[in-house]
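Some terms used for protein folds rest on simple cut-offs.

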Amino acid sequence: MRGNKHALVIIDMLNDFIGEKATLRCENGEKIVSKIRELIDFCHENDIQVIHVQEWHRKNDADFRVRPVHAIRGTWGADFIPELQPEEDKGDYIIQKRRHSAFSYTDMDLFLREEGIDTVVLTGVWTNVCVRSTGSDALYHGYNVIAISDACASQTNDMHESGLRDIGIFGEVFSTEEYKKLMLEKIGK
């Protein structure tokens, strides 16, 4: 595992993606909530930056020409699910995005550079869309990329595996347990 300073990036774990009332429900995303919670707690305990990425569309966003209306800024659908609320008192940071990638027209790159972070650790939904797009852009911006296989999800296992295969071409893929073990070895615990 390359890199010295990591950031856990939690992508789109929002009401409009997770849960029975979600407009763009990713049922498999409901299965990863506990793994992401485990990773957040691990990162807080080990001084690893946590970043929550929030889709935050304007009312008539161009994205809605091809997808259903979802995650309108200031609405319930754009809110983080209750189990994964950002903990700003613990240093969590929020990135709001209008496109698939957390780097596209946001301050993600600026924040990572200011914090001296060189490795993004990707979790969330959808593996083959927003997670993969964020990973690709991270690479383009010069960051190391890690995806956590059991803390990412898509609507189908095939979509999920496809996204992980793509990320594996330019980054590394670990399970939650593998990542935690490697980080504990790295920090000498």
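The questions below cover a sheet and its helices.

This is a predicted model, where local features need pLDDT of at least 70, side-chain atom pairs count only at pLDDT 80 or more, and totals for chains, interfaces and linings use all residues. Residues are numbered from 1 along each chain as its sequence is written, and side-chain values use heavy atoms, with hydrogens and water left out.

Q: What makes S5 and S6 a strand pair?
A: Strands are DSSP runs of E, at least two residues, and helices are runs of H or I, at least four, numbered from the N terminus. Two strands pair if DSSP finds at least two bridges between them. Three bridges join S5 (residues 144-153) to S6, so the pair qualifies. Ile146, for one, has Glu172 in S6 as its bridge partner.

Q: Why are S3 and S6 edge strands?
A: The open sheet runs in the order S3-S2-S1-S4-S5-S6. S3 (93-97) and S6 (172-174) each have a single partner strand, so one side of each lacks a neighbour in the sheet.

Q: Why are H1 and H5 called roughly parallel?
A: Angles run from 0 to 180 degrees between N-to-C directions, with axes fitted to C-alpha atoms, for helices over the stretch in contact. Under 35 degrees counts as roughly parallel, over 145 as roughly antiparallel, 65 to 115 as roughly perpendicular, the rest as oblique. H1 (residues 33-45) and H5 pack at about 10°, with axes 11 Å apart. H1 and H5 are therefore roughly parallel.

Q: Which residues in H1 meet H5?
A: Contact means heavy atoms within 4.5 Å. Lys35, Glu38, Leu39 and Phe42 in H1 meet residues of H5, including Tyr179 and Met183.
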